[in-house]
Amino acid sequence: LERPVVLTGIKPTGSIHLGNYLGAIKPALGFLDKGSVFEGHQAYYFIADYHALTSVVDPKQLKQWTLEVAATWMALGLNEEQTTFYRQSDIPELFELTWILNCVTNKGLMNRAHAYKACVDQNVTGGADPDEGINMGLYTYPILMSSDILAFHAHWVPVGSDQLQHVEIARDLAQTLNHRYKKELLRLPKAFIQEHMKVIPGLDGRKMSKSYSNTIPLFAPPSQLKKLIARIKTDSSLPGEPKKTQDSLIFTLYKEFATVEQTAMMEQKYAEGISWGEAKEALFSLLDHFLQGPRTKYEYLLQHPDEIEQALHKGAVKARARAGAILQVVKKTVLGS
Ligand code: TRP
C-alpha cells in the first residue's frame, strides 16, 4: 500500500531566521518521526521559486535565497528516505497542470483571494487604480499553488493559517475538474494547520519578521548571534530580583531549545533572580551548542552549491515521475486522446 503524501512549499523570499525555524521548519522536519502526526507518510517538500517570482525580480537574489533555503533544510536533517526535496521550477509538469486548472477556475474565485484583495484594498485606500502594480502571477498565485498540491495527489498540506484559503481553492478546483469529467482525476487535499505554528517573538517583542527588522538569522556566526541576543528587550528588574518567565523573551526562546530538565532549572534560576546578562549568556550557549553542527553543514553546502544542485536534481527526478504519471491521466481525459 502506498504511503499517504504530506506536501508543502517554502517560498524563498528571504534569509532564514529563528522564527522561520521554530514556526515551520522544525515541525515539518519532525512530521514523519515515530509517534508524530505523519508517521508512516511520505513527504514532498519543495522550494517554491516560481511563487517567489511574483515579488522577487533580481535573479541573483532569487538564486541566493533558493540556495540558502535548500541548504538550511539539508543542514537541519531532512528524513532522506521518506522525503522528496525539490525545486518547483524543475518540474515542468506543474505548468501544464496549471493551465488545465486555469480553465476550470472561475475568475470570480480569484477576485476573492485574500492576498490579491489585500493589494487591491491598499491601492484603493491610497487612491490608486485598483490593479496598480498587480501582476497576473500574483492574481493567479492560488492556481499555481493548487497545481503544486494536486499534481502529487497530496493528502495533507501543512501550512500556516494565512495559506488555508489557498488549500481550500485547491480542493475546490480538484472537485470542479473531477465533476466536469465525471472521474476521480485529482485527490482532494486537506490543510493541516500547524497549531504549534506559534508566533515567535523577535528582539523587540513583536512577532519575529523580516518586515520589523527584529530577526535573529538562524545561521548567524556566533559573534553576531551573541550581539543579537544581547539586544533582546528585557524589563528593568535588577540582578537578585525574582523574574517572571511568562513575559521574558529570553525564556521563551530558551525553552524552545532546552530539554524539560534544562527548562525547569532555568525557571528555578528566574525565581532566584538570575541577572539578565546571565540569562542571555545561557540562551547564547544553548543556541550556539544546538546550531554548531547544522551551521557547519550549512556553510559547507553554500560553499559547494553543486552539492545542493545535485540533491535538488535527485528530488526533481522522483517528483517528476509522480507528477508526470498523474498529469498523463488528466491530459488524456481533458484532451480526449
Ligand atoms: N504560498 C506558500 C507560502 O507563501 C508557499 C507554497 C507554494 C505552498 N506552493 C505551495 C505551500 C503548496 C503549500 C503547498 O507560504
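## Close-up views of the predicted model

**Figure 1. Polar side chains at the ligand.** The side chain of Gln163 places an N or O atom 2.9 Å from a nitrogen atom of the ligand. The model shown here and in the other views is a predicted one. Asp148 has a polar side-chain atom 2.7 Å from a ligand nitrogen. For Tyr141, the separation between an N or O atom of the side chain and a nitrogen atom of the ligand is 2.6 Å. The ligand taken alone exposes 360 Å², of which the protein buries 89%.

**Figure 2. The shell of residues around the ligand.** The ligand is surrounded by 14 residues, and His51, Tyr141, Met145, Asp148 and Gln163 are the closest. Sorted by class, the shell comprises eight nonpolar, four polar and two charged residues. At least two shell residues come from each of strand E1 (5–10), helix H8 (141–150) and strand E4 (156–159). The largest share is that of H8, which gives four residues.

Figure 3. Strand E3 spans residues 83–87 and contains Arg87. Arg87 has a relative accessibility of 11%, below the 20% limit, and therefore counts as buried. Its side chain forms a polar contact of 2.7 Å with the side chain of Glu309. Apart from neighbours within four places in sequence, the residues in contact with Arg87 are Ile47, Asp49, Lys63, Thr66, Glu309 and Leu312.

**Figure 4. The nonpolar cores and the contacts of Phe85.** The largest nonpolar core consists of 58 residues, and Trp73, Phe85, Ile216 and Ile232 have the most contacts inside it. Helix H13 (residues 276–303) contributes the most to this core, with ten residues. Residues up to four places away in sequence being left out, Phe85 touches Tyr45, Ile47, Ala70, Trp73, Met74, Leu78, Ala311, Leu312 and Gly315. A separate second core has 43 residues, including Leu7, Met145, Leu150 and Ala316. Of these, Met145 is also listed with the closest residues around the ligand.

Figure 5. Most residues other than glycine have a negative phi. His153 sits in the loop between H8 and E4, two of the elements that supply residues to the ligand shell. Lys182 belongs to the loop that runs between helix H9 (164–181) and strand E5 (190–193). With a relative accessible area of 66%, over the 50% limit, Lys182 is therefore exposed.

**Figure 6. Packing of helix H11.** Helix H11 covers residues 249–257 and is mostly covered, with seven of its nine residues buried. The buried residues are Leu249, Ile250, Phe251, Leu253, Tyr254, Glu256 and Phe257. They pack against helix H1 (18–30), helix H12 (260–271) and H13.

Definitions and conventions: Residues numbered from 1 in each chain as written. Predicted model: local features only at pLDDT ≥ 70, side-chain atom pairs only at ≥ 80, totals over all residues. Heavy atoms only, no water. Buried < 20%, exposed > 50% of the residue type's maximum accessible area, 1.4 Å probe, protein only. Polar contact = N/O pair within 3.5 Å; in protein donor to acceptor, adjacent residues only side chain to side chain. Contact = heavy atoms within 4.5 Å. Core = buried A, V, L, I, M, F, W, Y, C linked by side-chain atoms within 4.5 Å. Near = heavy atom within 4 Å. Areas by Shrake-Rupley, 256 points an atom, 1.4 Å probe, with all protein chains shown as cover. Nonpolar A, V, L, I, M, F, W, Y, C, P; charged D, E, K, R; others polar.
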